[in-house]
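Here is a friendly walk through one protein chain, taken a region at a time. Keep the viewer open as you read.

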Amino acid sequence: MQQVKAVIARSKGAPVEIATINVPDPGPGEAVVKVLTCGVCHTDLHYREGGINDEFPFLLGHEASGVVESVGAEVTDLAPGDFVVLNWRAVCGECRACKRGEAQYCFNTHNATQKMTLADGPDAGTELSPALGIGAFAEKTLVAAGQCTKVDSEARPAAVGLLGCGVMAGIGAAINTGAITRGRSIAVIGCGGVGIAAIAGSALAGASPIIAVDIDAKKLETAKRLGATHVVDSSKLDPVEEIKRICGETYEGADGADVVIEAVGRPETWKQAFYARDLAGTVVLVGVPTPDMKIPEIPLIDVFGRGGSLKSSWYGDCLPSRDFPMLVDLYRQGRLDLDAFVTEEIGIGDIEAAFEKMHHGDVLRSVVVL
């Protein structure tokens, strides 16, 4: 066991704090990773605010890159020194999804068995709940070996670490869940980090037009830089009518986009996505709603009459062992600009300030460098 510095959320709504934690030596199927970088994601804020569950104290951080320091028994595909991106989908290989060859839907993903704990103070020995089973706002963290995906060690850690959550969720929502390809149109409602990643993924796949929708002019400018062919300020224009107009001008007879990605996680924007898709089109929900939100009232005849698919995207329906190395290769080739998602690099003591910048839409990602 060793002691390291980490960022924890001790109670609901309280500012995060730096604490000393105990990281156990890896047991069977586990690995200890020296964390290099970790992105500040909205999910970390949800944990701090008690929006995920109330299993405080939380060890925050999950969108990370690092170097394997040690591995436990039964780990055969990792070794100390491996450069990895951490993921929160360590597939089991045994559930019904895995057995039918759809490991991206694994119903039994797992985390480290042992618990990291607080090391000092009156709460010494208290078990920590690692965010998404990772807990990477820490100098080192203990994870299941399957949560480590080896990638090209020459890649910039701050950039490729973002594949661990938001960037992969967005790219995957477009390419994996939405199955976007050349000759198909797409609209993305909500241009935060995940929405911008969906736009970048759509450009990578050759979609056209690629329509970005948001109420923030700065986010729409970023969307254009990352591949959007059209932007819609939905504070001034009806996004449904604008998406229909743009797609109709591009493809004769089109009555919306082939794929509409909802990257906000709100009932009103999901309803916009529903009506902005073409006949037989696809709606992909990747924005995370709160538990109290409900699908808005839509006549059932509209669901039947428009056809197509209504999907949600879990982690971009990714399989980390398949998708992370491929996307890192595209990044290294200059075909996927992951650097554009890194707005700033910060220290471990700057996370509260990063949350505030996130609230104001000033960053795509603040990345903690350890």
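This is a predicted model: local features need pLDDT of at least 70, side-chain atom pairs count only at pLDDT 80 or more; totals for chains, interfaces and linings use all residues.

## A polar contact at Thr 269

A polar contact here is a pair of N or O atoms within 3.5 Å; within protein, one of them must be able to donate a hydrogen and the other to accept it. A polar atom of the Thr 269 side chain lies 3.0 Å from the backbone oxygen of Arg 266.

Thr 269 sits in helix 8, which covers residues 267-276. Is Thr 269 buried or exposed? Its relative accessible area is 12%, so Thr 269 counts as buried. Setting aside neighbours within four places in sequence, Thr 269 is in contact with Ile 189, Glu 262 and Val 264.

The largest nonpolar core has 49 residues, and the members that touch the most others are Ile 186, Ile 199, Ile 261 and Phe 341. Helix 4 (residues 166-177) gives the most to this core, contributing six residues. A second, separate core holds 31 residues, including Ala 9, Leu 86, Ile 134 and Ile 346.

What does Ile 261 touch, if residues up to four places away in sequence are not counted? Its partners include Ala 173 and Ala 174, then Ile 186, Ala 187, Val 188 and Ile 189. Ala 198, Val 284 and Val 286 are also on the list.

## Helix 10 and its buried face

Helix 10 runs over residues 320-332, 13 residues in total. From its first C-alpha to its last it reaches 17 Å, close to the 18 Å expected at 1.5 Å a residue. The buried residues of helix 10 are Pro 320, Asp 323, Phe 324, Leu 327, Val 328, Leu 330 and Tyr 331. Looking down the helix axis, you would find these buried residues of helix 10 within an arc of 160°, so they line one face of the helix.

Which elements do they pack against? The buried residues of helix 10 meet strand 6 (83-86), strand 10 (148-150), helix 3 (157-160), helix 4 and helix 5 (193-205). After helix 10 comes Gly 334, with a positive phi near 85°.

How many of the residues in strand 12 (residues 210-214) are buried? Five of its five residues are. Ile 210, Ala 212 and Asp 214 point one way from the strand, while Ile 211 and Val 213 point the other way, and all are buried. In a regular strand, side chains alternate between the two faces of the sheet.

Strand 12 runs parallel to strand 11 (residues 186-189), and four bridges join the two. Among the residues involved, Val 188 has Ala 212 in strand 12 as its bridge partner.

Five strands form an open sheet with mixed pairing, in the order 7-2-1-4-8. The edges are strand 7 (117-118) and strand 8 (129-130), each of which pairs on one side only.

Asn 22 stands opposite Thr 117 in strand 7.

## An exposed glycine

Finally, look at the loop between strand 17 (344-346) and helix 11 (351-359), where you will find Gly 349. Gly 349 has a relative accessibility of 58% and counts as exposed. Gly 349 and Val 368 are 19 residues apart in sequence, with their C-alpha atoms 8.9 Å apart in space.

Conventions. Residues are numbered from 1 along each chain as its sequence is written. Side-chain values use heavy atoms; hydrogens and water are left out. A nonpolar core is a set of buried Ala, Val, Leu, Ile, Met, Phe, Trp, Tyr and Cys residues joined through side-chain atoms within 4.5 Å. Buried means under 20% relative accessible area, exposed over 50%, partly exposed in between (1.4 Å probe, protein chains only). Contact means heavy atoms within 4.5 Å. The expected span of a helix is 1.5 Å times one less than its number of residues. The arc is that of the directions from the helix axis to the C-beta atoms. Two strands pair if DSSP finds at least two bridges between them.
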